[in-house]
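Student: Could we go through this model together, one question at a time, so that each answer can be checked against the coordinates?

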Amino acid sequence: IAGMFVYLPKLASVTIGNGVTYIPNSTFNGCTSLAGVSLGSRVVNIDSYAFYNCTNLASITIPGSVTNIGQDAFEYCTGLTNVLIANGDGPLSINSGGLYAHTCPFYGCTNLISLALGNSVTSIGPVAFGNYTKLASVTLGNSITNIGNSAFGGCISLTSVTIPSNVRTWDEAFYGCTGLTNVTLVNGLPGIGSQTFQGCTNLTS
């Protein structure tokens, strides 16, 4: 049922069992005290706005079983500093409508520090994490084939990144990441995208 727990300001902890596969639209929307969320290993779909504006949520682990995260699912979770998407069969795309379309699941999570995308993730949309100036650690899974334009553009705290060998399109993906000093290109990578590292003025290796 959509919005089942919407705007419950004192709800602090949620455990979703392994029998649950679907978290409907706006289920925990506006639960501003929610600090702990445990998602069961059989969740497949986290619908739009499911955790919208859960401002006290600092960390989330998304199981590898998830194949869809709806638009704005974690939008304005401003306390969120750590996101881990576990390894799984996928495919899972981190969709984004670009700079002016607030459709990325993690739109407005501007205090994000660490992002780890497991092997279930195949695509990251344009500007998905663009200008997240505190984002210092990004781990990309081996199944990623597409990194959208400026997906990590302007992430000035990012110092190093490893690009998996299956990436095929990644134009301007790290545009303006001025803190970036080290990039590792895994063997087998077919090429470098257009202007991928433009403006990364401190890149040394």
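Predicted model: local features only at pLDDT ≥ 70, side-chain atom pairs only at ≥ 80, totals over all residues.

Student: Which kind of aromatic pair do Phe129 and Tyr132 form?

Tutor: The ring centres of Phe129 and Tyr132 are 6.0 Å apart, and their planes stand at 90°. Ring centres have to lie within 6.5 Å for a pair, and planes over 60 degrees apart belong to one particular class. The pair of Phe129 and Tyr132 is therefore edge-to-face.

Student: How do the rings of Phe152 and Phe174 pair?

Tutor: Phe152 lies in the loop between strand S12 (146-147) and S13, while Phe174 lies in the loop between S13 and strand S14 (182-185), so that the pair links parts of the chain 22 residues apart. Phe152 has a relative accessible area of 0% and is buried, and Phe174, also at 0%, counts as buried. With the ring centres 5.3 Å apart and the planes at 10°, the pair is stacked.

Student: Which residues do ring pairs link into a cluster?

Tutor: A search of the whole structure finds 13 aromatic pairs. Linked through ring pairs into a cluster are Phe5, Phe28, Phe51, Phe74, Phe106, Phe129, Tyr132, Phe152, Trp170, Phe174 and Phe197.

Student: Which residues have the most contacts inside the largest nonpolar core?

Tutor: In soluble globular proteins, nonpolar side chains tend to be buried together. The largest nonpolar core here has 58 residues, and the elements that give two or more residues to this core are strand S5 (59-62), S7, strand S8 (92-94), S9, strand S10 (121-124), S11 and strand S13 (160-163). Phe129, beyond its neighbours up to four places away in sequence, touches Ile94, Phe106, Leu112, Leu115, Ile124, Leu135, Ala151, Phe152 and Cys155. The residues with the most contacts inside the core are Phe51, Phe129 and Phe152.

**Strands and their partners**

Student: Which residue of S7 stands opposite Ile60?

Tutor: Four bridges join S5 to S7, and the two strands run parallel. S5 has a covered face, made of Ile60 and Ile62, and an uncovered one, made of Ser59 and Thr61. In a regular strand the side chains alternate between the two faces of the sheet. The residue opposite Ile60 is Val83.

Student: Is Leu115 buried or exposed?

Tutor: Leu115 is in strand S9, and beyond its sequence neighbours up to four places away it touches Val83, Phe129, Leu135, Ser137, Val138, Thr139 and Phe152. Its relative accessible area is 0%, whereas the cut-off is under 20%, so Leu115 is buried.

Student: Where is Ser120, and what is its relative accessible area?

Tutor: Ser120 is in the loop between S9 and S10. Leaving out residues up to four places away in sequence, Ser120 touches Gly64, Ile85, Ala86, Gly88, Asp89, Gly90, Pro91 and Leu92. Ser120 counts as buried, with a relative accessible area of 1%.

Student: How many disulfides are there?

Tutor: A disulfide requires two cysteine sulfur atoms within 2.5 Å. Cys77 is buried at 0% relative accessibility, and its nearest cysteine sulfur, that of Cys54, is 5.0 Å away. Cys155 is likewise buried at 0%, and its sulfur is 5.2 Å from the closest cysteine sulfur, in Cys177, which is too far for a bond. The number of disulfides comes to zero.

Conventions
Residues numbered from 1 in each chain as written. Heavy atoms only, no water. Core = buried A, V, L, I, M, F, W, Y, C linked by side-chain atoms within 4.5 Å. Buried < 20%, exposed > 50% of the residue type's maximum accessible area, 1.4 Å probe, protein only. Contact = heavy atoms within 4.5 Å. Phe/Tyr/Trp six-rings, centres within 6.5 Å; stacked < 30°, edge-to-face > 60°. Pairing = 2+ DSSP bridges.
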